[in-house]
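Me: I have a structure open and want to go through its contacts with you. Can we start with the charged pairs?

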Amino acid sequence: MTHAMVKGSNVPLDATTVRAVLRWTPGQGVPDVDASALLLGPDGRVRSDEDFVFYNQPRHPSGSVWRLGKKRVAEGLTDTIQSDLSGVEPGVGRVLLVASADGIPFDRVPALCILLYDASAAGGEPLARFEIKPETGAETALICGELYRRGEGWKFRALGEGYSNGLKGLATDFGISVDESEAQEEPRPAPAETTSQPLPPELPTAVPGPAYGYPQPASSPQRPAYGYPQPGYGYPQPVLTAADPDFRLPPQGPQFIGR
């Protein structure tokens, strides 16, 4: 029977090896999600950076906690952490099960949940299921739940507590020394290159004709030689300056007399 968990609830575990499956629905604009784990000592912090199991360090040195990686299933995508609770060192009292979303808020991750399985029962129903609802939606890393010791056994608690500064902020809060290379998310496939649309064919540049009524000499390299058709009324005429070899003052006709 699967226990439907709510935030803060807990359930005892009879299984000695459990598989925590983080699952979500992919889609347009949905970020990739990564599962990781932190093994905490009695003071609630890691004993060393080796107690951080994530994509760049997928197996704990003790061999008791490891990352299985991503899979596509009928319901979406998954990333999985497996724990051999019988092999967890006595100095570890809690194993945090964490999700991070590549620096993108979890309000863009639909149908996020964590399912806990007995790893020895192939194809069995989940022992527990927790539908994770971020409190603000701005979280970029979440503590989905924790495996913790209770007497001689273990329990699972549903948490759903978030961090807005990502996996780096969460890990640092529990004593991990994260350098910039570790703080980066797992390399993602480069986005497909956008194919630029070809520009329309360039229209031929119109060569302006000579000024109205004044043919230009054939030697001018910039203007049509004498005898070429003159431009029609209303087309732009070339602007000549005093420095232009073809510059000529217009004749002073009667219209200028007396002005």
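Me: How many salt bridges does the structure hold?
Reply: The structure holds eleven salt bridges, a salt bridge being a side-chain nitrogen of Lys or Arg within 4 Å of a carboxyl oxygen of Asp or Glu. This is a predicted model, where local features need pLDDT of at least 70, side-chain atom pairs count only at pLDDT 80 or more, and totals for chains, interfaces and linings use all residues. Residues are numbered from 1 along each chain as its sequence is written, and side-chain values use heavy atoms, with hydrogens and water left out.

Me: Which residue does K7 pair with?
Reply: K7 forms a salt bridge with E135, and their closest N and O atoms are 2.4 Å apart. K7 sits in the loop between β1 and β2 and E135 in the loop between β10 and β11, so the pair ties together parts 128 residues apart in sequence. Strands here are DSSP runs of E, at least two residues long, and helices are runs of H or I, at least four, numbered from the N terminus.

Me: Is E135 buried or exposed?
Reply: E135 counts as exposed at 63% relative accessibility, while K7 is partly exposed at 40%. Buried means under 20% relative accessible area, exposed over 50%, and partly exposed in between, with a 1.4 Å probe and protein chains only.

Me: What about R67, which residue is its partner?
Reply: R67 forms a salt bridge with D34, with the closest N and O atoms 3.3 Å apart. R67 is in strand β6 (residues 65-73) and D34 in strand β4, 33 residues apart. R67 is buried at 14% relative accessibility, and D34 is buried at 0%. Salt bridges that share partners join D32, D34, R67, K70 and D79 into one network.

Me: And R94?
Reply: R94 forms a salt bridge with E146, the closest N and O atoms being 2.8 Å apart. R94 lies in strand β8 and E146 in strand β11, so parts 52 residues apart in sequence are tied together.

Me: Switching to the sheet. What is the strand order in the open sheet of six strands?
Reply: The order is β2-β12-β11-β8-β4-β5, with antiparallel pairing. Two strands pair if DSSP finds at least two bridges between them.

Me: Which strands stand at the edges?
Reply: β2 (10-13) and β5 (52-53) do; each has a single partner strand, so one side of each is left without a neighbour in the sheet. Four bridges join β2 to β12 (residues 153-163), and P12 has K155 as its bridge partner.

Me: Now the inside. How many residues are in the largest nonpolar core?
Reply: The largest nonpolar core has 37 residues, and L22, I114, L147 and F156 have the most contacts inside it. Such a core is a set of buried Ala, Val, Leu, Ile, Met, Phe, Trp, Tyr and Cys residues joined through side-chain atoms within 4.5 Å. Strand β3 (residues 17-24) gives the largest share, four residues. Apart from this core lies another of 17 residues, among them L38, V46, A141 and L170.

Me: Last one, cysteines. How many disulfides does a search find?
Reply: A search of the whole structure finds zero disulfides, a disulfide being a pair of cysteine sulfur atoms within 2.5 Å. For C113, the nearest cysteine sulfur is that of C144, 9.5 Å away. C113 is buried at 1% relative accessible area, and C144 is buried at 1% as well.
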